Amino acid sequence: MTKDPDAITDTVTEAELRAGHNLDHEVAPEDVIQLIGMNKWYGDFHVLRDINLNVHKGERIVICGPSGSGKSTMIRCINRLEEHQAGQIIVDGVELTNDLKNIDKIRREVGMCFQHFNLFPHLTILENCTLAPMWVRKESKAEAEERAMHYLERVKIPEQAHKFPGQLSGGQQQRVAIARSLCMQPKIMLFDEPTSALDPEMIKEVLDTMVQLAEEGMTMLCVTHEMGFAKTVADRVIFMAEGQIVEENEPHEFFNNPQEERTQEFLSQIIGH
Ligand SMILES: Nc1ncnc2c1ncn2[C@@H]1O[C@H](COP(=O)(O)OP(=O)(O)OP(=O)(O)O)[C@@H](O)[C@H]1O
Ligand SMILES: [Mg+2]
């Protein structure tokens with residue numbers, strides 16, 4: 001039996017196309033976040049200056065820098081908790097403008113976890129996790145609870161589901177905050193110093209949760225001074241000072257061969273203490 005090689009190629013091509021495979025191997029990775037010449041002011045104060053940043057799908061980025069350098073402000077601009085005044089922010093192909101529909105769309109894709117967990121104290125852990133899926137995504141209670149339990153298991157505290165936040169340790173509450181974000185099934189997670197308010201013995205359990213999330217391929221932007229985490233998990237470390245991205249590199253080069261004086265000074269301070 002003879003086969004027509006062209007026919008085989010055609011079949012494979014069609015199958016691959018059907019599977020959504022991109023046959024062009026030169027195509028650049030998909031950028032899920034793009035900051036293009038982004039600037040922000042608080043009144044007269046120019047807090048973010050010409051920020052350019054592209055984040056690929058699945059990329060893990062750690063952002064560090066001195067207090068007041070604009071790390072939180074930059075992170076908060078990405079889901080419009082703060083408004084930028086110049087340049088562009090594009091998240092998953094949608095540009096952030098005053099269009100409320102776009103803001104809504106982006107917030108559904110972007111989960112956020114802060115230093116302070118902001119759980120509702122009068123709701124149980126389970127209720128904290130099901131509130132947004134039920135009200136924003138219009139999920140049924142059963143569906144929302146099933147997913148909440150799935151993520152509470154992932155962060156290793158399913159047994160706490162029926163307690164109130166005040167009955168949990170800080171590390172446990174922060175893991176609930178991460179599970180709560182995941183219940184909205186975000187494509188991107190933003191972390192702003194999620195371990196800095198925790199007692200030292202609780203930092204590891206939260207970092208372990210974040211490492212697990214990273215290993216599962218979540219696109220993550222983390223403001224943190226946990227340099228061990230940066231070294232093991234980050235694809236790229238970004239150093240900010242005075243509202244600018246001063247330097248960025250893959251972790252090994254960033255820590256062993258910092259180019260800018262301000263980066264060297266910062267690293268010597270955090271490694272020194
Ligand atoms: N709502 C606000 N109004 C006016 N100025 C603000 C506001 N929020 C922050 N700032 C100022 O903007 C600058 C950047 O603040 P931001 O919180 O982004 O810094 P950061 O790098 O996150 O610092 P830290 O490491 O202390 O968290 C600081 O000088 C801060 O005082
Ligand atoms: Mg901050």
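**A buried loop residue and its surroundings**

Mentor: To start, Thr124 has a relative accessible area of 10%, so this residue is buried. Keep in mind that we are looking at a predicted model.

Trainee: Where is Thr124 found, and which residues is Thr124 in contact with, leaving aside its neighbours within four places in sequence?
Mentor: Thr124 sits in the loop between S6 and H4. Setting aside neighbours within four places in sequence, its contacts are Ala161, His162, Lys163 and Phe164.

Trainee: Is Leu152 buried or exposed?
Mentor: Leu152 is part of helix H5. Buried means under 20% relative accessible area. The value for Leu152 is 0%, so Leu152 is buried.

Trainee: Which residues is Leu152 in contact with, and how far apart are the C-alpha atoms of Leu152 and Arg175?
Mentor: Leaving out neighbours within four places in sequence, Leu152 is in contact with Ile125, Leu126, Cys129, Ile157, Pro158, Ala161 and Ala179. Leu152 and Arg175 are 23 residues apart along the chain, and the separation of their C-alpha atoms is 8.1 Å.

Trainee: Why is helix H6 described as largely enclosed by the rest of the structure?
Mentor: Helix H6 covers residues 170-182. Its buried residues include Arg175 and Ala179, and they pack against S6, H4, H5, S7 and H7. H6 is largely enclosed because the buried ones number twelve of its 13 residues.

Trainee: What length does H6 reach from its first C-alpha to its last?
Mentor: At 1.5 Å a residue, 18 Å would be expected for H6. The span in the model is close to that, at 19 Å.

Trainee: Let's turn to the ligand. Which element gives the most to the shell around ligand 1?
Mentor: The residues around ligand 1 include Tyr42, Phe45, Lys71, Ser72, Thr73 and Glu193. Strand S2 and helix H2 each supply at least two residues of this shell. With three residues, the element that gives the most is H2.

Trainee: How do the shell residues divide into nonpolar, polar and charged?
Mentor: Gly68 and Ser69 are among the residues around ligand 1. The whole shell divides into two charged, four nonpolar and six polar.

Trainee: How far is an oxygen atom of ligand 1 from an N or O atom in the side chain of Thr73, and how much of ligand 1 does the protein bury?
Mentor: A backbone N or O atom of Ser69 lies 3.2 Å from a ligand oxygen, and a polar side-chain atom of Ser72 lies 2.8 Å from one. For the Thr73 side chain, the distance is 2.5 Å. Ligand 1 taken alone exposes 630 Å², and the share buried by the protein is 58%.

Note on methods. Residues numbered from 1 in each chain as written. Chains lettered and ligands numbered in written order. Predicted model: local features only at pLDDT ≥ 70, side-chain atom pairs only at ≥ 80, totals over all residues. Heavy atoms only, no water. Near = heavy atom within 4 Å. Polar contact = N/O pair within 3.5 Å; in protein donor to acceptor, adjacent residues only side chain to side chain. Areas by Shrake-Rupley, 256 points an atom, 1.4 Å probe, with all protein chains shown as cover. Nonpolar A, V, L, I, M, F, W, Y, C, P; charged D, E, K, R; others polar. Expected span 1.5 Å × (residues − 1). Buried < 20%, exposed > 50% of the residue type's maximum accessible area, 1.4 Å probe, protein only. Contact = heavy atoms within 4.5 Å.
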